[in-house]
Amino acid sequence: MSTGLVVRPAGRHALLVELPDAERAGAFHAELLRRRADGTLPPVAEIVPGACTVLLDGVSDPAALTRRLTGWTLPATAPADGEVVTIPVAYDGPDLADVAALWGVAEDEVAARHASYTYRVAFCGFAPGFGYLTGLPPELRVPRRDTPRTRVPAGALALAGPYTAVYPRATPGGWQLIGTMADPSRLWNTERQQAALLSPGTRVRFTPPGARGTARPATDDDRTAAERTCHGEQPDANQR
């Protein structure tokens with residue numbers, strides 16, 4: 001597909017690539033990782049995805065890379081392959097009834113529907129270990145709460161707009177809370193080689209109690225390296 005990307009300089013040795021929407025940003029990020037893995041991407045020190053952008057830092061020849069990027073043709077979506085991190089959760093959040101009403105289903109159906117999808121970490125931010133997961137279909141997207149909470153507990157499973165997330169630590173937040181991860185310390189552990197359990201490109205499944213395939217403890221091998229139209233919009237405090 002045509003990328004529709006715009007490449008802008010970001011300092012002397014960095015490029016900011018803007019994509020029309022989250023889907024194409026995810027596909028572009030996955031293609032960067034694929035080409036870096038097979039040795040066909042020029043040296044880039046860091047690849048940092050955002051909602052609809054990807055920052056390339058540590059670029060030796062930004063002008064030459066810009067010319068290459070604008071000629072790329074990408075698949076329609078990011079590839080659905082690689083290891084899947086499974087996260088056991090209880091669907092017991094305080095906003096479960098509100099989300100059920102928005103979806104037009106019974107409360108126990110929220111768990112069945114939400115756990116039926118495979119999610120993908122589009123980007124990370126807000127707090128260490130906080131991943132913005134895409135994968136909910138448009139008809140299941142819910143608005144943020146009118147009044148944010150001053151404290152969302154660590155481990156809260158939350159929804160807002162196109163995103164699902166699990167809070168790695170207690171913070172303020174305005175997302176709809178539908179469940180709880182029993183051990184949120186897994187999300188960010190500086191004693192691991194890779195501190196974040198959920199890095200951009202990682203695929204994620206949520207498993208309620210008693211579900212088949214309830215997760216084994218994650219290892220570093222589980223952390224794969226890898227819809228919202230943006231028009232310049234970025235996540236802010238009201239999106240947490």
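One aromatic cluster is formed by F123, F126, F130, Y132, Y163, Y167 and W175, where rings of Phe, Tyr and Trp (its six-membered ring) are taken to pair if their centres lie within 6.5 Å, planes under 30 degrees apart counting as stacked, over 60 as edge-to-face and the rest as tilted. The structure is a predicted model, in which local features need pLDDT of at least 70 and side-chain atom pairs count only at pLDDT 80 or more, whereas totals for chains, interfaces and linings use all residues. Residues are numbered from 1 along each chain as its sequence is written, and side-chain values use heavy atoms, with hydrogens and water left out.

By the ring criterion the count comes to 11 aromatic pairs. Among them, F123 and Y163 are arranged edge-to-face, at 5.7 Å centre to centre and with 90° between the planes. F123 belongs to strand 6 (residues 119-124) and Y163 to strand 10 (residues 163-166), so this pair ties together parts that are 40 residues apart in sequence; strands here are DSSP runs of E, at least two residues long, numbered from the N terminus. F123 counts as buried at 4% relative accessibility, and Y163 counts as buried at 3%, with buried meaning under 20% relative accessible area, exposed over 50% and partly exposed in between (1.4 Å probe, protein chains only).

An edge-to-face pair is likewise formed by F126 and F130, with 5.0 Å centre to centre and 85° between the planes. F126 is partly exposed, with a relative accessible area of 30%, whereas F130 is buried, with a relative accessible area of 0%.

Key:
Helix = DSSP H or I, 4+ residues; strand = E, 2+ residues; numbered from the N terminus.
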